[in-house]
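Biologist: I would like to learn how to read the sheets, the cores and the chain contact of a model like this one. Could you take me through them in turn?

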Amino acid sequence: METRATKHQNGEGLCISGLNKKLSSYPVLVDVSFTVIPGEIMGLIGPNGAGKSTLLECITGLLPVDSGIISQHGKTLTLAQRKQLLWYQPDDILPFARQRVQTTLSFARKMHGATAADLEQLIRRLDLSSMLNKPLLALSKGYRRRVLLALALLSRRPLLMLDEPFDGFDLRQSLAVMDLLRQYRAGRSMILSIHQLSEAEKICDRFLLLDQGRVLAAGTLGQLCRQADLSPQATLEEVFLAIT
Amino acid sequence: MPSPETPPAYRPAPLLLVQEIRSLLAAPALWIMLIILSLLVGYSFIQAVELFSQASRTALSFPELAAGMNPLDGIFVPTFGAYYLSETLLLPFVAIRLIGLDKQSGALKLLLQFPLSPLSLCGLKITAMGLVWLLSLLPAAMALGFWHNLGGHIYPPEIAVLLTGHGLYSFTVIAVAMFAATISDSLPTAAMFCLALTLGSWVLDFATSGQGGMLATLGSLSLTGMLRQFENGLLSTAAIASFLCISLFFFLLTAIWLHPGRHLLFKLGYSLLVLVLLSSALAGAALVPGYVDVTENRRHSFNPADTRALHQLDKPLIITVHLNPQDSRLLDLEHDVLAKLRRTVPGLKVRYLQQKSTGLFGAADDDNYGLIEYAYGGRHEQSYSNSQEEILQIIYKLAGLRVVPDPVQSYRGYPLVADATASRWWFYGILPLLFCGAGLFGWKGKW
């Protein structure tokens with residue numbers, strides 16, 4: 001049986017090598033390298049301003065990089081190829097705000113090639129039924145986040161990158177979203193940019209710790225504990241404090 | 001749940017086009033523009049009919065004056081003047097939203113991830129805007145309907161050219177607004193950029209109006225000046241090419257600069273390429289000018305026999321004008337003769353010898369002031385006349401031609417005494433209420 005590790009070794013995952021990015025001569029990403037293993041949920045963690053969102057936008061191609069390679073199977077991916085491979089859902093956006101939620105979701109469903117049943121299931125799981133006839137602009141922050149999550153989960157692309165997917169949710173809602181993400185991980189990978197470490201620990205298989213644009217550590221929680229010389233029972237918060 | 005393995009079966013372009021139209025219809029700015037446009041068109045139309053009627057009363061008493069009663073100048077150009085105002089001052093605020101709002105809301109980051117190139121995305125956006133722009137023609141269509149019902153005369157080619165001019169002007173304004181929104185950080189900055197260009201063009205036209213010579217030529221190159229050619233019923237390939245090149249330039253720049261993931265050098269390089277290609281196209285169009293006078297009274301054309309004779313002039317015809325740009329005689333000469341000669345004589349060269357003095361009656365100390373010199377094939381003539389008939393006779397004499405004018409039916413004009421005040425209920429009441437209702441519908445997200 002092919003494991004995640006063997007897929008990693010076979011180079012099936014998305015490989016990011018030596019990514020560098022400066023904004024106004026200030027380095028925001030410095031030699032960032034890592035691999036996303038197929039089927040895993042990777043947590044991109046780091047303090048505010050660490051460069052998490054910038055990294056995701058660079059991988060998507062929404063920001064140009066100064067240097068670095070994004071590849072799969074040893075081949076550098078063009079912008080058009082990345083469009084087929086990954087979907088990035090930015091944080092804090094309000095797309096088509098004056099349109100009814102139903103209209104926006106229906107548009108996204110058709111654009112992503114998802115079925116009406118897919119959308120119905122998402123609406124049910126995210127408890128959006130009562131909001132469908134309201135414009136996105138009129139929704140509370142929590143409901144807006146649910147709509148954004150639905151927009152992302154309608155995508156069929158093999159790699160989903162979600163920026164702060166749990167922001168705006170209470171504990172119960174966060175747990176429900178985690179369940180949903182676990183269900184939707186089948187057949188694809190996810191990169192979740194999360195600043196709430198307790199939530200990251202609950203859902204992510206591996207972590208990439210980013211600070212000031214540099215990768216400080218990468219691996220499973222156990223591997224990070226070893227890197228930080230902490231006991232295997234240490235929490236992600238303890239690891240984070242030890243490493244940063 | 002969506003399976004990553006299942007191939008998507010959808011056509012993104014029509015979906016996105018519908019989405020863009022929905023976004024525009026949900027924009028209050030569009031409906032506010034339409035309400036203002038309805039009021040402006042109504043006011044312009046009712047005023048134009050009133051003035052036309054006053055002039056027609058005199059023309060009906062003195063039939064020789066009737067030839068001046070032309071509905072294009074009297075009714076349609078003033079009515080469409082409301083469109084010029086709307087296209088210059090209001091349309092940019094609607095068009096800026098096409099890109100600006102997507103940038104501001106973050107929707108652009110999603111749209112750029114769909115399987116569409118930035119060029120296709122921009123193309124769909126401008127198509128959506130074009131379709132929505134057709135809505136703005138509703139007040140004009142109503143004005144035409146009212147005029148027809150009042151018994152007014154409509155000459156379709158003149159209306160078609162007028163609409164073409166406004167369509168091209170709007171296309172240019174929309175493309176400029178899209179580019180402004182693309183390169184600006186905020187909607188107000190984009191609006192300032194766009195208004196600077198449209199109002200700058202108006203100022204250039206205004207500053208050069210009433211001027212002759214090179215200043216008049218400069219003014220005719222402004223967007224407003226080019227639109228005026230269409231308003232005058234003159235279909236010019238140079239004006240069409242200019243509008244298309246300017247709008248395509250800004251449209252392609254928008255497509256190049258839209259994607260934030262492209263490197264600056266890539267954007268600069270392609271922008272330069274577009275500039276070179278479109279400048280070449282524009283220069284090419286200027287080298288082979290073509291004109292069609294679509295006016296019913298053929299105001300931009302000589303008699304067909306004169307046109308044929310002037311086309312045959314195979315040597316350079318040099319006309320030297322000793323008049324100051326502000327002199328009304330030069331304005332008449334430009335409008336009545338030189339403009340027509342430029343469109344007809346292949347080798348025409350006009351030189352303006354500007355005088356130092358600009359006194360009320362010209363330069364008293366210069367004996368040549370007011371003189372117009374003609375040189376053709378080594379022969380030379382001069383005259384103080386700016387009459388078309390006399391000037392043509394001088395040219396024919398220099399060229400050794402004898403021209404007998406073709407018999408043409410004289411334009412008799414269409415004087416009409418009518419009262420359009422009943423239409424105010426539509427323009428000031430029903431139409432704005434309809435637009436207001438549609439705007440509220442969109443505001444509630446019902447589109």
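Modeller: Let us begin with a definition: two strands count as paired if DSSP finds at least two bridges between them. The model is predicted, and in its chain A residue Leu23, that is A:Leu23, stands opposite A:Tyr26 in S2(A). Strand S1 (residues 14–23) of chain A is joined to S2(A) by 7 bridges, and the two run antiparallel.

Biologist: In what order do the 4 strands of the open sheet in chain A stand, and what lies across S1, S2 and strand S4 (67–72) of chain A?

Modeller: As a general idea, strands of a sheet pair through backbone hydrogen bonds, either parallel or antiparallel. Here the order is S2-S1-S4-S5 (chain A), with antiparallel pairing. Strand S2 (26–36) and strand S5 (75–76) of chain A each have a single partner strand and stand at the edges, so one side of each is left without a neighbour in the sheet. Helix H2 (residues 52–60) of chain A lies across S1, S2 and S4 of that chain, and runs at about 65° to S2(A).

Biologist: What is the pairing in the open sheet of 4 strands in chain B?

Modeller: That sheet, ordered S4-S3-S5-S6 (chain B), has mixed pairing. Its edges are held by strand S4 (348–352) and strand S6 (379–383) of chain B, each with a single partner strand, so one side of each is left without a neighbour in the sheet. From one strand to the next the twist averages 15°. Strand S3 (residues 317–321) of chain B runs parallel to S4(B), with 5 bridges joining the two, and B:Leu317 stands opposite B:Leu348 in S4(B).

Biologist: Into which domains is chain B divided?

Modeller: Chain B is divided into domain 1 (12–294 + 425–443) and domain 2 (304–399), and the C-alpha centres of these two domains of chain B lie 36 Å apart.

Biologist: Which residues touch the most other members of the largest nonpolar core?

Modeller: Of its 91 residues, these are B:Ala95, B:Ile174, B:Ala177 and B:Met178, while helix H3 (residues 71–105) of chain B gives the most to this core, with 16 residues. Leaving aside neighbours within four places in sequence, B:Ile174 is in contact with B:Leu91, B:Ala95, B:Ile126 and B:Met129.

Biologist: How many residues does the contact take from chain B and from chain A?

Modeller: The contact takes 29 residues from chain B and 37 residues from chain A. H1(B) gives the most to the side of chain B that touches chain A, with 5 residues, and the residues of that side divide into 15 nonpolar, 10 polar and 4 charged.

Conventions:
Residues numbered from 1 in each chain as written. Chains lettered and ligands numbered in written order. Predicted model: local features only at pLDDT ≥ 70, side-chain atom pairs only at ≥ 80, totals over all residues. Axes fitted to C-alpha atoms, helices over the stretch in contact; angles between N-to-C directions. Domains from an automatic or database assignment. Contact = placed C-beta atoms within 7 Å. Nonpolar A, V, L, I, M, F, W, Y, C, P; charged D, E, K, R; others polar. Core = buried A, V, L, I, M, F, W, Y, C linked by C-beta atoms within 7 Å. Buried ≥ 20, exposed ≤ 12 C-beta atoms within 10 Å, placed from the backbone.
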